[in-house]
Amino acid sequence: MTAGQPRGEHSPQPTSDLYDVINRRRDVRSEFTGEEIPSEVLRRVLGAAHSAPSVGLSQPWDFVLVRDEATRRAFREHVLAERSVFAAELSGERAETFSKIKVEGIVESSIGITVTYDPERGSPDVLGRHAIADAGLYSVCLAIQNLWLSATAEGLGVGWVSFYREDFLRRLLDIPSGVRPVAWLCLGPVAELAQQPDLERHGWRSRLQLDDVVHDGKYRHDFTR
């Protein structure tokens, strides 16, 4: 169904474009070209992120655009140090497998985007958060997913860097103490999007099948995690 097309008696077939984008999305590490992102494209991607649903319409996210090379290199040094910390906890096959896995594309990407969560946005009366304190954090994750899918649709790659300490990133970007840095996203044009996710390709883990995670009626305990 195209924009403005009237809905008939029956629901339309889902557009294959959306499912194609979902299935092509990858966590990018090595494929960034470093080319500049056109300003209008970056604006569309950020706009998609900002259009995400949020608990109580609090929109508790902010997007810190990090272009400065020195800042990005400082963050990369921190990330690599944390990678070493994790690597030291591994042994045998796990250590060998992890040694081949790249965990970031911080300097190779065109820009870094740190997405933050401000729990005070919309306070004290955030509608829908009184029983689930993390609902605001979930909202930020929805914004990140919107950003990721729209970037994929634009032919860009995204890599979510998770090997960092929040306090370090907070100091690096002068983020207020009450605001939580949720993600550093590497964003930019890519040579290609891999057919298979890196962690599957390197043998770190295999993807679960849909039937492994669907529970009908009540939680099923007789399945392999």
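**Exercises on a predicted model**

Asp-198 has a relative accessible area of 13% and is therefore buried. The structure examined here is a predicted model.

**Exercise 1.** Determine which residue forms a salt bridge with Asp-198, and where the two partners lie.

*Solution.* 
Step 1. The side chain of Asp-198 meets that of Arg-201 in a salt bridge, with an N to O distance of 2.8 Å.
Step 2. Both residues belong to helix H7, where a separation of three residues places Arg-201 and Asp-198 about one turn of the helix apart.
Step 3. Whereas Asp-198 is buried at 13%, Arg-201 is partly exposed, with a relative accessible area of 46%.

**Exercise 2.** Describe the largest pocket and state which element gives the largest share of its lining.

*Solution.* 
Step 1. The volume of the largest pocket is about 530 Å³.
Step 2. Its lining comprises 22 residues, and those closest to the centre are Asp-27, Pro-197, Asp-198, Leu-199 and Glu-200.
Step 3. Two elements, strand S3 (156-161) and helix H7 (198-201), each give two or more residues to this lining.
Step 4. The largest share, three residues, is that of H7.
Step 5. By residue class, the lining holds 11 nonpolar, two polar and nine charged residues.

**Exercise 3.** Compare the accessibility of the partners in the salt bridges Arg-207 with Glu-200 and Glu-93 with Arg-94.

*Solution.* 
Step 1. The side chains of Arg-207 and Glu-200 meet at 3.4 Å, N to O.
Step 2. Arg-207, at 53% relative accessibility, counts as exposed, while Glu-200, at 23%, counts as partly exposed.
Step 3. The side chains of Glu-93 and Arg-94 meet at 3.2 Å, N to O.
Step 4. Glu-93 is partly exposed at 46%, and Arg-94 is partly exposed at 27%.
Step 5. The whole structure contains 15 salt bridges, and Arg-76, Lys-102, Glu-104 and Glu-108 are linked in a network of them.

**Exercise 4.** Check the span of helix H5 against its number of residues.

*Solution.* 
Step 1. H5 covers residues 135-153, and its 19 residues should span 27 Å at 1.5 Å a residue.
Step 2. The end C-alpha atoms are 27 Å apart, so the two values agree.
Step 3. After H5 comes Gly-155, with a positive phi near 85 degrees.

Terms used. Residues numbered from 1 in each chain as written. Predicted model: local features only at pLDDT ≥ 70, side-chain atom pairs only at ≥ 80, totals over all residues. Heavy atoms only, no water. 1 Å grid on protein atoms, 1.4 Å probe; cavity = no way out; pocket = protein on both sides within 12 Å on 5 of 7 lines; lining within 4 Å. Points joined across faces, edges and corners; volume = space filled by probe spheres on them. Helix = DSSP H or I, 4+ residues; strand = E, 2+ residues; numbered from the N terminus. Nonpolar A, V, L, I, M, F, W, Y, C, P; charged D, E, K, R; others polar. Expected span 1.5 Å × (residues − 1). Salt bridge = Lys/Arg side-chain N within 4 Å of Asp/Glu carboxyl O. Buried < 20%, exposed > 50% of the residue type's maximum accessible area, 1.4 Å probe, protein only.
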